[in-house]
Amino acid sequence: VAFVYVGPHDDGGWSQSHDVGRIYLQDNVKDVHTAYVENVAEGTDSEQVTRSLARKGFDVIFTTSFGFMDSTELVATEFPDIDFIHVSGYKFSGTNFGNLMGAMENIKYLAGILAGSRAVKDGNPKLGYMATFPIPEELRLGNAFAIGVEKTCPDCTIDVRFINTWHDPIKEQDGAKSLFDGGAQVVMTGADTPAPAIAAPEGKWGITYDYVGNCTDPKCLTSMYWNWGPLYAKITEDSRNGTYKGDAIYFDGEAGGLGLYGFMEGEELMPGLKDLPEADLQLVRDTLKDMMDGK
């Protein structure tokens with residue numbers, strides 16, 4: 001099983017969450033060998049890398065960025081005996097080219113509830129959202145965050161910065177700093193690195209994304225993260241058994257692929273959450289439980 005990453009495998013965000021899933025797959029499914037190619041540019045480069053992996057004899061290839069979609073679709077037509085799964089786009093063939101994504105908008109909604117609660121507690125109704133590209137995925141996630149904010153802070157406003165990259169530590173730091181300088185009390189990100197927490201001045205807060213291990217700075221409120229391993233294991237087993245259909249899989253909380261740091265089993269609340277109103281924290285807990293129960 002091969003993986004194609006848009007960033008480095010240890011980026012502290014999106015690509016690292018997929019690499020954790022790759023390791024889970026290798027450790028939990030018998031007789032599976034995995035490999036990955038990192039820092040692959042979207043477009044022609046990803047097509048060449050994906051085709052090269054197919055020629056090397058991999059049985060399943062996961063391509064893990066929105067901009068890999070068209071190239072994955074093309075290569076899949078050339079290798080009908082290999083299963084290709086594209087993460088985060090919307091195309092699929094119903095044969096050997098499938099699509100995989102999850103309802104992260106639900107988790108970003110919960111993060112919005114927390115951000116709004118924090119803004120009220122701090123007496124500053126200005127929030128920030130550092131967005132990547134104006135694609136359906138990013139707009140959906142930003143809107144979900146805003147709807148969550150409205151639950152606890154109806155008077156809050158959200159300043160949006162599009163940085164037009166998935167992974168660029170410098171741009172992400174600059175974008176987060178710009179939002180904080182503009183008055184934002186809490187900044188949420190759609191990009192890879194934990195820039196909002198790192199860039200946050202004292203008394204302000206960042207919400208990180210993608211990877212369970214990136215909410216370590218005391219100024220990090222929470223992280224909205226992915227747990228790809230169980231999904232990768234199921235798809236790989238289906239492929240091996242000949243039952244993979246190249247369909248569109250859009251999983252929700254009950255699949256075990258989504259997490260909100262501080263609220264999952266074995267996790268503790270970060271400092272910026274501990275003094276929030278108990279009613280707001282309980283709203284998040286109750287809603288998250290319903291999501292995880294499939295309700």
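Here is a short walk through some salt bridges in this predicted model. A search of the whole structure turns up 15 of them, and we'll visit a few.

**Stop 1: inside helix 2**

Select Arg51 and Glu47 and show their side chains. You're looking at a salt bridge, with the closest N and O atoms 2.9 Å apart. Both residues sit in helix 2 (residues 44-55), four residues apart, which is about one turn of the helix. Now check Arg51 against the surface: its relative accessibility is 13%, so Arg51 counts as buried, the cut-off for that being under 20%.

**Stop 2**

Next, pick Arg118 and Asp275. Their side chains meet in a salt bridge, 2.7 Å from N to O.

Is Arg118 buried or exposed? With 3% relative accessibility, Arg118 counts as buried. Asp275, at 37%, counts as partly exposed.

**Stop 3: Asp217 and Lys219**

Move on to Asp217 and Lys219. The side chains of these two form a salt bridge as well, at 3.3 Å from N to O. Both Asp217 and Lys219 are buried.

Which residues are joined into one network with Glu78? Glu47 and Arg51 are, through salt bridges that share partners.

Key. Residues numbered from 1 in each chain as written. Predicted model: local features only at pLDDT ≥ 70, side-chain atom pairs only at ≥ 80, totals over all residues. Heavy atoms only, no water. Salt bridge = Lys/Arg side-chain N within 4 Å of Asp/Glu carboxyl O. Helix = DSSP H or I, 4+ residues; strand = E, 2+ residues; numbered from the N terminus. Buried < 20%, exposed > 50% of the residue type's maximum accessible area, 1.4 Å probe, protein only.
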